[in-house]
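Trainee: Can you go through this one with me? I would like to start with one of the helices.

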Amino acid sequence: MGKQKKRLGIFSLTSCDGCQITFLDMDEDFLDLLDNYEVIDFPLIKDGTNLFEEVDIAFVEGTPVNDEEIKTLQKIRKLSKKLVAFGTCATFGGVTAIKDFSDDKIKKEIKKDNEYLNLHDNIKGIGDIVKVDAYIRGCPPTKFEIKNLLQTFLDGKEIEHRKSPVCIECRKNGNPCFLKEGIACMGSITYSGCDSICINNKFPCYGCRGPVEKANADSLFLVLKNKIGMNDKEVKNMFMLYAGTNKRYSNLIKNG
Ligand code: SF4
Ligand code: SF4
Ligand code: SF4
């Protein structure tokens with residue numbers, strides 16, 4: 001008799017599908033994981049999205065933006081032994097939450113243009129709505145983290161979360177520092193795990209993985225304003241881009 005495979009569900013709420021694409025980017029590693037996992041749901045490549053069958057582990061991409069999607073998320077939670085917030089939209093609301101930081105006039109226009117969606121005014125990460133067992137951050141996450149998490153789950157171990165910021169990876173990779181060159185970079189407060197991929201390729205970090213636990217966001221906020229010379233709006237825009245709903249960031253965005 002063949003070994004019993006774990007049932008994996010990949011679910012998608014409001015999103016760009018980019019997190020799901022990372023699964024396909026795993027190449028042979030994706031085929032290898034099929035030795036141990038049966039993929040029940042995968043809306044990007046399988047017909048019949050969100051089948052709502054019981055799964056051992058659910059990856060939820062995207063953000064619930066209305067009542068209907070919140071009910072979908074709650075249903076997924078009930079059917080899943082473990083639930084993973086998959087990507088920055090799922091973790092913080094991500095780019096979908098940017099609208100909530102707009103002024104009232106823009107908010108009204110967004111609502112009017114999307115009336116049929118009944119959009120909520122207060123987009124949240126899914127961990128504020130249901131219990132989340134593990135987070136994989138990033139816009140999109142890295143394929144290595146998907147592989148590691150699925151292996152950790154097979155081994156029955158707890159997922160360990162990182163504490164160090166992107167700067168640590170960046171220094172190890174020998175990059176010159178953008179801040180020293182007077183260019184804004186959020187690596188010092190951003191959760192590592194991407195191997196500082198943007199900086200390695202000559203782009204500063206825009207904080208797509210959200211803050212580390214002890215992020216000194218206030219200090220970077222002042223550095224960007226006083227040393228880099230960004231104005232208040234530019235700095236706030238940078239903080240709201242991916243993880244604006246995080247308390248540390250939202251306080252700064254609202255109160256400066
Ligand atoms: S986290 Fe990024 S890649 Fe993933 S769904 Fe959201 S916008 Fe797309
Ligand atoms: S370039 Fe950015 S990530 Fe690299 S050390 Fe400087 S602040 Fe940190
Ligand atoms: S360097 Fe920053 S913006 Fe780029 S992938 Fe890493 S966390 Fe995201």
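Predicted model: local features only at pLDDT ≥ 70, side-chain atom pairs only at ≥ 80, totals over all residues.

**Packing of a helix**

Mentor: The buried residues of helix H9 pack against helix H10 (232-243) and helix H11 (247-255). Contact here means that two residues have C-beta atoms, placed from the backbone, within 7 Å. Helices are DSSP runs of H or I with at least four residues, strands are runs of E with at least two, and both are numbered from the N terminus.

Trainee: OK. Which residues of H9 are buried?

Mentor: In H9 (residues 217-227) they are Ala217, Leu220, Phe221 and Leu224. Seen down the axis of H9, these buried residues fall within an arc of 105 degrees, so they line one face of the helix. The arc is taken from the directions from the helix axis to the C-beta atoms. "Buried" means 20 or more other C-beta atoms within 10 Å of the residue's own, "exposed" means 12 or fewer, and "partly exposed" is in between, with C-beta atoms placed from the backbone.

Trainee: Why would a helix put them on one face?

Mentor: An α-helix has 3.6 residues a turn, so residues three or four places apart point the same way.

Trainee: And what is on the other side of H9?

Mentor: Asp218, Ser219, Asn226 and Lys227 are exposed there.

Trainee: New topic. Which residues are closest to ligand 1?

Mentor: Ser15, Gly18, Gly87, Cys89 and Cys139 are the closest, in a shell of 13 residues. A residue is near a molecule if its C-beta atom, placed from the backbone, lies within 6 Å of it. Helix H1 (18-24) and helix H4 (88-92) each supply at least two residues of that shell.

Trainee: Back to Cys139. Is the peptide bond from Cys139 to Pro140 cis or trans?

Mentor: That bond is cis, with omega near 0 degrees. Pro140 sits in the loop between strand E5 (134-136) and helix H6 (143-154).

Trainee: What about Lys202, buried or exposed?

Mentor: Lys202 is exposed, with 9 other C-beta atoms within 10 Å. Lys202 also has a positive phi of about 75 degrees, although it is not a glycine. Most residues other than glycine have a negative phi.

Technical notes: Residues numbered from 1 in each chain as written. Chains lettered and ligands numbered in written order.
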